[in-house]
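Visitor: I am new to this structure and would like to learn how to read it. Could you take me through it slowly?

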Amino acid sequence: MKKILLGLGISATLILPIYVYGQMGMMEGRGMMGGKGMMEGGMMNMSMIRHRFVMRNGIDEKYANKVNPLQSTSNNIKEGKVLYEYNCASCHGTSGQGDGEAGINLTPRPSNIAMFSKMPMATDGYLFWTISEGGVPLQTAMPPFKSALEEDDIWKIVLYLRQL
């Protein structure tokens with residue numbers, strides 16, 4: 001009898017969190033508070049692959065301590081918006097929620113950078129690295145922009161992302 005109860009306890013310990021996440025909408029569909037769940041536009045669409053990569057490997061030293069040298073002026077933000085719309089919106093969406101037409105069929109889906117850019121992990125260096133190197137370190141579809149954009153252009157995009 002003890003073995004059966006112990007087995008049930010272990011099973012419940014393993015299954016209960018999955019059930020609870022499902023009920024809360026954390027894994028797919030609608031999440032808590034009526035929003036999107038983890039797998040569809042929520043937490044998992046918030047650059048979890050990149051987050052996991054950084055937690056294991058860190059950010060390349062040449063990016064880690066970078067700080068945006070540009071002022072958050074309306075002109076820099078406006079230019080960042082134009083650059084974002086031209087280079088990023090097709091996948092990340094016009095409002096940065098990872099819902100752009102070109103990104104719909106990508107796996108993993110483009111991240112919700114509007115949300116992620118405000119997280120503590122999203123330092124200037126982290127965002128600059130993300131845009132510069134794209135998905136190359138992670139083997140995802142995001143192209144690297146370090147050769148396509150000037151450094152100041154990347155910084156302007158970072159300023160714009162902070163405003164989303």
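Guide: Let us begin with contacts, where a contact means heavy atoms within 4.5 Å. Among contacts in the chain between residues at least 6 apart in sequence, 54% join residues at least 24 apart. This is a predicted model, in which local features need pLDDT of at least 70, side-chain atom pairs count only at pLDDT 80 or more, and totals for chains, interfaces and linings use all residues. Residues are numbered from 1 along each chain as its sequence is written, and side-chain values use heavy atoms, with hydrogens and water left out.

Visitor: What does the chain average in pLDDT?

Guide: pLDDT is the predictor's confidence in each residue, from 0 to 100. The chain averages 80, and 71% of the residues score at least 70, whereas over residues 4–44 the pLDDT stays under 50.

Visitor: How many helices does the secondary structure have?

Guide: Helices (H or I, at least four residues) and strands (E, at least two) are DSSP runs, numbered from the N terminus. Here there are eight helices and zero strands.

Visitor: Which residues of α4 are buried, and which are exposed?

Guide: Buried means under 20% relative accessible area and exposed over 50%, with partly exposed in between (1.4 Å probe, protein chains only). In α4, which spans residues 74–87, the buried residues are Asn 76, Ile 77, Gly 80, Leu 83, Tyr 84 and Asn 87. They lie on the same side of α4 because they cover an arc of only 120° around the axis, the arc being that of the directions from the helix axis to the C-beta atoms. On the other side of α4, Ser 74, Lys 78, Val 82 and Tyr 86 are exposed.

Visitor: What do the buried residues of α4 pack against?

Guide: They pack against α5 (89–92), α6 (113–116) and α8 (151–163).

Technical notes: The expected span of a helix is 1.5 Å times one less than its number of residues.
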